[in-house]
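Visitor: I have just opened this one and would like a walk through it. Could you take it slowly, please?

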Amino acid sequence: MTQYLLSIYQPDGPPPPPEILQPIMRDVTAVADEMKAAGAWVFSAGLHEASTATVVRARQGQALLTDGPFAEGKEHIGGFTVIQAPDLDAALDWAEKLS
């Protein structure tokens, strides 16, 4: 089966208060459990906040290091899940549930 990366975007800034975050995490955990039961889940991870990021680019044979996230924006990738699915449509079904 093909593997797919499902990216989790979140707004920059501090995390939401527990009364907002707990129901979100409960739902994310439920989808992850469903993925595991279906044999689709491969790996998941949360990432540090965007302010800790370093971008590494190759320029003229040298590594150019830049502090900060890879793109200007008001949100960043906060985590990801790798799944395996028989085709893109199945992967998009999981992505919709995860969103």
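Guide: Let me begin with a term: buried means under 20% relative accessible area, exposed means over 50%, and partly exposed lies in between, with a 1.4 Å probe and protein chains only. Arg26, at 54% relative accessibility, therefore counts as exposed.

Visitor: And what kind of model is it?

Guide: This is a predicted model, in which local features need pLDDT of at least 70 and side-chain atom pairs count only at pLDDT 80 or more, while totals for chains, interfaces and linings use all residues. Residues are numbered from 1 along each chain as its sequence is written, and side-chain values use heavy atoms, with hydrogens and water left out.

Visitor: How many helices and strands are there?

Guide: The protein has two helices and five strands, where helices (H or I, at least four residues) and strands (E, at least two) are DSSP runs numbered from the N terminus. Along the sequence they come in the pattern β-α-β-β-β-β-α. The radius of gyration, taken over C-alpha atoms, is 16 Å, well over the 13 Å that the globule rule (2.2 Å times the number of residues to the power 0.38) gives for 99 residues, so the protein is more spread out than a compact globule.

Visitor: What does the C-alpha trace span, then?

Guide: Along the principal axes of the protein, the trace spans about 45 × 40 × 15 Å. Of the 99 residues, 20% count as buried.

Visitor: Back to Arg26, which residue does its side chain meet in a salt bridge?

Guide: Arg26 meets Asp27, at 3.7 Å from N to O; a salt bridge here is a side-chain nitrogen of Lys or Arg within 4 Å of a carboxyl oxygen of Asp or Glu. Asp27 is partly exposed, with a relative accessible area of 45%. By this rule the count comes to two salt bridges.

Visitor: What about the bridge of Lys97?

Guide: Lys97 pairs with Glu34, and their closest N and O atoms are 2.5 Å apart. This pair links distant parts of the chain, since Lys97 is in helix H2 (residues 88–98) and Glu34 in helix H1, 63 residues apart. Lys97 is partly exposed at 44% relative accessible area, and Glu34 is partly exposed at 35%.

Visitor: Switching topic, how many aromatic pairs does the structure hold?

Guide: The structure holds one aromatic pair, a term for rings of Phe, Tyr and Trp (its six-membered ring) whose centres lie within 6.5 Å, with planes under 30 degrees apart counted as stacked, over 60 as edge-to-face and the rest as tilted. The rings of Phe43 and Phe80 have centres 5.9 Å apart and planes at 40 degrees, so the pair is tilted. Phe43 lies in strand E2 (residues 41–46) and Phe80 in strand E5 (residues 75–85), so the pair ties together parts 37 residues apart in sequence.

Visitor: Are those two buried or partly exposed?

Guide: Phe43 is partly exposed, with a relative accessible area of 42%, and Phe80 counts as partly exposed at 22%.

Visitor: Which residues does Ala85 touch?

Guide: Ala85, which lies in strand E5, touches Met1, Thr2, Tyr4, Ala90 and Ala91, not counting residues up to four places away in sequence, where contact means heavy atoms within 4.5 Å. At 0% relative accessibility, Ala85 counts as buried.

Visitor: And how far is Ala85 from Val55?

Guide: Ala85 and Val55 are 30 residues apart in sequence and 30 Å apart in space, C-alpha to C-alpha.
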